Amino acid sequence: MNFAHFMRIEREEDGRTRHYVVHTVDPKFSLEIIPDGDAPDKMGKGVIKALRMPNSWAGNYSQYSKLITAAQEFFRQSLAEPAPKAETRRFQT
């Protein structure tokens, strides 16, 4: 599967890590995902905590279900493959 339109953002807040997956082209949306503690690898595809999508797509569930499934798979794969240190520090302020 092509994940070129997805980006994972990881933020530290109050000692907890928050994970976001963003779809960067239309329809733009974001998922806040937490790792699945019940999965064998303790990460899994993640558990969706929040979904933010444009109102114009609110009723188009079949389209969104495909994109959400792809976003969860992207999350799983992005955590399975370690990123180079330079890449993980690129956006730190």
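At 27% relative accessibility, Arg18 counts as partly exposed in this predicted model, and the side chain of Arg18 meets that of Glu32 in a salt bridge with an N to O distance of 2.8 Å. Because Arg18 belongs to strand β2 (residues 16–23) and Glu32 to strand β3 (residues 29–34), this pair ties together parts that are 14 residues apart in sequence. Glu32 itself is buried, with a relative accessible area of 4%. The side chain of Glu32 also meets that of Lys49 in a salt bridge, and this second pair links strand β3 with strand β4 (residues 47–52), the two residues being 17 apart.

| Salt bridge | N to O distance |
|---|---|
| Glu13 and Arg11 | 3.7 Å |
| Glu32 and Arg18 | 2.8 Å |
| Glu32 and Lys49 | 3.8 Å |

Glu13 is partly exposed at 27% relative accessible area, and Arg11 is likewise partly exposed, at 44%. A network of salt bridges links Arg11, Glu13, Arg18, Glu32, Lys49 and Arg52.

Turning to the rings, the structure holds four aromatic pairs. One of them is the tilted pair of Phe3 and Phe74, with 5.6 Å from centre to centre and 55 degrees between the planes; it joins the segment before β1 (6–13) to helix α1 (residues 61–80), across 71 residues. Phe3 is buried at 14% relative accessible area, and Phe74 is buried at 12%. The rings of Phe6 and Phe74 have centres 5.7 Å apart and planes at 25 degrees, so this pair is stacked; it links strand β1 with helix α1, 68 residues apart. Phe3, Phe6 and Phe74 form one aromatic cluster.

Note on methods: Residues are numbered from 1 along each chain as its sequence is written. This is a predicted model: local features need pLDDT of at least 70, side-chain atom pairs count only at pLDDT 80 or more; totals for chains, interfaces and linings use all residues. Side-chain values use heavy atoms; hydrogens and water are left out. Rings of Phe, Tyr and Trp (its six-membered ring) pair if their centres lie within 6.5 Å; planes under 30 degrees apart count as stacked, over 60 as edge-to-face and the rest as tilted. Helices (H or I, at least four residues) and strands (E, at least two) are DSSP runs, numbered from the N terminus. Buried means under 20% relative accessible area, exposed over 50%, partly exposed in between (1.4 Å probe, protein chains only). A salt bridge is a side-chain nitrogen of Lys or Arg within 4 Å of a carboxyl oxygen of Asp or Glu.
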